[in-house]
Amino acid sequence: MSAVTVIGGDDEALAVAAGLAAGFREGATERDALRRLPHAEVERLSASGLLGVTVPEEFGGADVRTETLAEIFRLLATADASLAQIPQSHFVYVGVLRRQGTREQLKFFFGEVLDGRRFGNAQSEAGTKHVQDIRTRLVRRPDGTYVLDGVKHYSTGALFAHWIPVLARAGDDTLHVAYVPRDAPGLTVVDDWDGMGQRTTASGTVRLESVPVPADRVLPHHLTFQGPQLHGAVAQLLHAAIDAGIASGALAEAVEFVRTKSRPWFESGFDTAAEDPLLIQRFGELAIQVRAADALLAAAARSVDTARADLTDDSAAEASIAVAAAKVTAAKAAVEVGSALFEVSGTRAALDSLGLHRHWRDARTHTLHDPARWKVQHIGRHVLNGTRPPRHGLL
């Protein structure tokens, strides 16, 4: 592994993210078209130090604001939404450690993170009753260690990870997270993701067959939801940032295409497509959507930071509602701008060789992660009746 930079603060983190995004933009279309997994790019991400920016200061990290973290993800997603999604679970499970880790666990794992080690995820399962129906089992042995058995799907980041946090149920049916080394005996990562979008996230299958887990690698995740919490808000905020980034990236691509490649419609009477008043109107409408998504994303991130400074049932609820509003808006913008790219650019934009469809495919795939309609329900209940949203990891 290359030497890893330790980032010192928010401004440095944003500058590093912007530089990485510029580099990741080059080759993004080719990676998508060939489904070339971004191993080299992920190594650059680790070496940059960005993966350690939420480590608390007392353990050597920058502990950046949530607003900064959201902007990092948005910047990366403007360039390559797959690359932006790969570290999403990494930051979620750094957050799990912050809430439930013992002092010794924090010292060990935060050291790993600052050294560039990556967390993947093994949480979702297929064929169960619903997303919260977790059937992977964590069984305690007589000597106090554990063993894991189960099958996970949509395991974004696992193929690139050094550690794979596994969501499992213990003997009393409570949720725990086991942090398992990528090369642990009995653990297999299968590269079988074949989604139409987010093609290079390698969100495949993780198989766990009698995987041994030391006791000090297990955290009681169920305790997270027994009081006011920001676990779901932060996880959803990062998804919203990815959607906002997709929308911004698609708009930028449309602008460049119309300025440099599109022909004016003959009825417009103008020499260039960029002078067409109907196109100008449409670009104005799309820009408003992107600005709204970006503004709500930033506002939601600030709400999370406010709640973290004084965590109560009410502040946590306000953060979750703010994030839900940002997620709904960003998801809609990503899908609509990704589609409108072709509307404003014309027939040539549909050429498969140009790869402009990756923005819409990424948006359409990523926004399926969890239904926006339920977020709208929770927003409505909160506004109309003062009902706090439920405590779970998807809100």
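**Helix packing and a buried aspartate**

Modeller: Helix α1 (residues 10–25) and helix α3 (residues 39–48) pack at an angle of about 165°, their axes lying 11 Å apart. Axes here are lines fitted to C-alpha atoms, for helices over the stretch in contact, and angles run from 0 to 180 degrees between N-to-C directions. This is a predicted model, in which local features need pLDDT of at least 70, side-chain atom pairs count only at pLDDT 80 or more, and totals for chains, interfaces and linings use all residues. Residues are numbered from 1 along each chain as its sequence is written, and side-chain values use heavy atoms, with hydrogens and water left out.

Biologist: Why are α1 and α3 called roughly antiparallel?

Modeller: Angles under 35 degrees count as roughly parallel, over 145 as roughly antiparallel, 65 to 115 as roughly perpendicular and the rest as oblique. The angle is about 165°, and α1 and α3 are therefore roughly antiparallel. V16, L20, G23 and F24 of α1 make the contact with E41, R44, L45 and S48 of α3; contact means heavy atoms within 4.5 Å.

Biologist: What makes α4 oblique to α8?

Modeller: α4 and α8 pack at an angle of about 40°, with axes 7 Å apart. That makes α4 oblique to α8. Residues of α4 that meet α8 include L69, F73 and A77.

Biologist: Why does D80 count as buried?

Modeller: Buried means under 20% relative accessible area, exposed over 50%, partly exposed in between (1.4 Å probe, protein chains only). D80 has 3% relative accessibility, so D80 counts as buried. D80 is found in the loop between α4 and α5 (81–85).

Biologist: What makes the pair D80 and R31 a polar contact?

Modeller: A polar contact is a pair of N or O atoms within 3.5 Å; within protein, one must be able to donate a hydrogen and the other to accept it, and residues adjacent in sequence count only if both atoms are side-chain atoms. The side chains of D80 and R31 make such a contact at 2.9 Å.

Biologist: How do you know that the span of helix α9 agrees with its number of residues?

Modeller: The expected span of a helix is 1.5 Å times one less than its number of residues. Helices (H or I, at least four residues) and strands (E, at least two) are DSSP runs, numbered from the N terminus. The 33 residues of α9 (residues 277–309) should span 48 Å, and its end C-alpha atoms are 48 Å apart, which agrees. D276 caps the N-terminal end of α9, with a side-chain oxygen 2.8 Å from the backbone nitrogen of L278. The buried residues of α9 pack against α4 (66–79), α8 (231–260) and α10 (313–345).
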